[in-house]
Amino acid sequence: MATVKVAAPKPGFVIRYSYLWHAEFAAGREEGTKDRPCAVVLVQTSKLGAQWVTVLPVTHVPPKDRAAAIEIPAEVKRRLRLDDERSWIVLNEANRFKWPGPDIRPMGGKGMRSAIYGPLPPAFFHTVLDRFIIALTDTKASTVTRSE
């Protein structure tokens with residue numbers, strides 16, 4: 001596998017990551033089946049200095065429950081160099097892992113080795129974060145903590 005540039009994680013950035021859906025985890029899987037863009041929503045530093053990152057997945061599948069996801073505006077998708085299809089950030093499940101972790105993936109194409117697409121606009125990111133916190137508070141969100 002290609003070497004991936006691993007800058008310090010920042011909330012609001014979108015990274016390429018092998019996301020493990022909660023249903024896959026519940027079925028006993030330890031690895032995600034697809035590399036996908038994911039939004040970094042939280043970065044926490046342990047007492048020993050390790051950084052733990054929480055990410056939300058991006059999907060093309062429209063949500064059945066409108067409160068469970070937020071659509072990424074087309075202009076934001078273009079700026080992040082994502083495809084032209086409609087996409088949503090899922091708000092009711094997340095992965096948490098120790099940075100940098102083995103599941104970060106390079107974006108590929110044209111020799112690119114970075115795993116970072118770029119930042120979400122601040123106002124949009126704060127909407128995502130607020131809605132994720134509401135889902136956590138209402139216990140409508142689940143988090144899968146990934147092993148190394």
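A salt bridge is defined here as a side-chain nitrogen of Lys or Arg within 4 Å of a carboxyl oxygen of Asp or Glu. Glu71 and Arg86 meet this criterion, with their closest N and O atoms 2.7 Å apart. The two residues link distant parts of the chain, Glu71 lying in strand β4 (residues 69-71) and Arg86 in the loop between α2 (74-79) and β5 (88-90), 15 residues apart. Helices (H or I, at least four residues) and strands (E, at least two) are DSSP runs numbered from the N terminus.

The structure is a predicted model, in which local features need pLDDT of at least 70 and side-chain atom pairs count only at pLDDT 80 or more, whereas totals for chains, interfaces and linings use all residues. Residues are numbered from 1 along each chain as its sequence is written, and side-chain values use heavy atoms, with hydrogens and water left out.

The secondary structure of the protein consists of three helices and eight strands. From the N terminus on, these elements follow the order β-α-β-β-β-α-β-β-β-α-β. The radius of gyration is 15 Å, close to the 15 Å that the globule rule gives for 148 residues, so the protein is as compact as a globular protein of that length. This radius is taken over C-alpha atoms, and the globule rule is 2.2 Å times the number of residues to the power 0.38. Along the principal axes, the C-alpha atoms fill a box of roughly 40 × 35 × 30 Å.

Of the 148 residues, 43% count as buried. The protein exposes about 8,400 Å², of which carbon and sulfur atoms supply 55%; accessible areas come from the Shrake-Rupley method with a 1.4 Å probe, and for residues only the protein chains shown count as cover. Contact means heavy atoms within 4.5 Å. Among contacts between residues at least 6 apart in sequence, 68% join residues at least 24 apart.

Four salt bridges are found by the rule stated at the outset. In general, side chains of opposite charge can pair when their charged atoms come close. One of the bridges joins the side chains of Asp35 and Arg105 (3.3 Å, N to O). Asp35 lies in strand β2 (residues 34-45) and Arg105 in the loop between β6 and β7, so this pair ties together parts that are 70 residues apart in sequence. Asp35 is partly exposed at a relative accessible area of 27%, whereas Arg105 is buried at 13%. In the bridge between Glu71 and Arg86, Glu71 is partly exposed at 32% relative accessibility and Arg86 is exposed at 54%. Lys77 forms a further salt bridge with Asp83, the closest N and O atoms being 2.8 Å apart. Here Lys77 is buried, with 4% relative accessibility, while Asp83 is partly exposed, with 33%.

Aromatic pairs were identified among rings of Phe, Tyr and Trp (its six-membered ring) whose centres lie within 6.5 Å; planes under 30 degrees apart count as stacked, over 60 as edge-to-face and the rest as tilted. Three such pairs are present. Tyr17 and Phe97 are stacked, at 4.6 Å centre to centre and with 15 degrees between the planes. Tyr17 belongs to strand β1 (residues 13-19) and Phe97 to strand β6, so their pairing ties together parts that are 80 residues apart in sequence. Both residues are buried. Tyr19 and Trp21 form an edge-to-face pair, with 4.9 Å between centres and 70 degrees between the planes; Tyr19 and Trp21 are likewise buried. Ring pairs also link Tyr17, Phe97 and Trp99 into a cluster.

Two further residues illustrate local surroundings. Thr54, in strand β3 (residues 51-59), is buried with a relative accessible area of 4%. Not counting residues up to four places away in sequence, Thr54 touches Ala39, Val40, Val41, Leu42, Ala94, Asn95, Arg96 and Phe132. Thr54 and Pro106, by comparison, are 52 residues apart in sequence and 18 Å apart in space, C-alpha to C-alpha. Ser114 lies in the loop between β6 (93-98) and β7 (116-119) and is buried, with a relative accessible area of 19%. The side chain of Ser114 reaches the backbone nitrogen of Ile116 at 3.0 Å. A polar contact is a pair of N or O atoms within 3.5 Å; within protein, one must be able to donate a hydrogen and the other to accept it, and residues adjacent in sequence count only if both atoms are side-chain atoms.

Conventions
Buried < 20%, exposed > 50% of the residue type's maximum accessible area, 1.4 Å probe, protein only.
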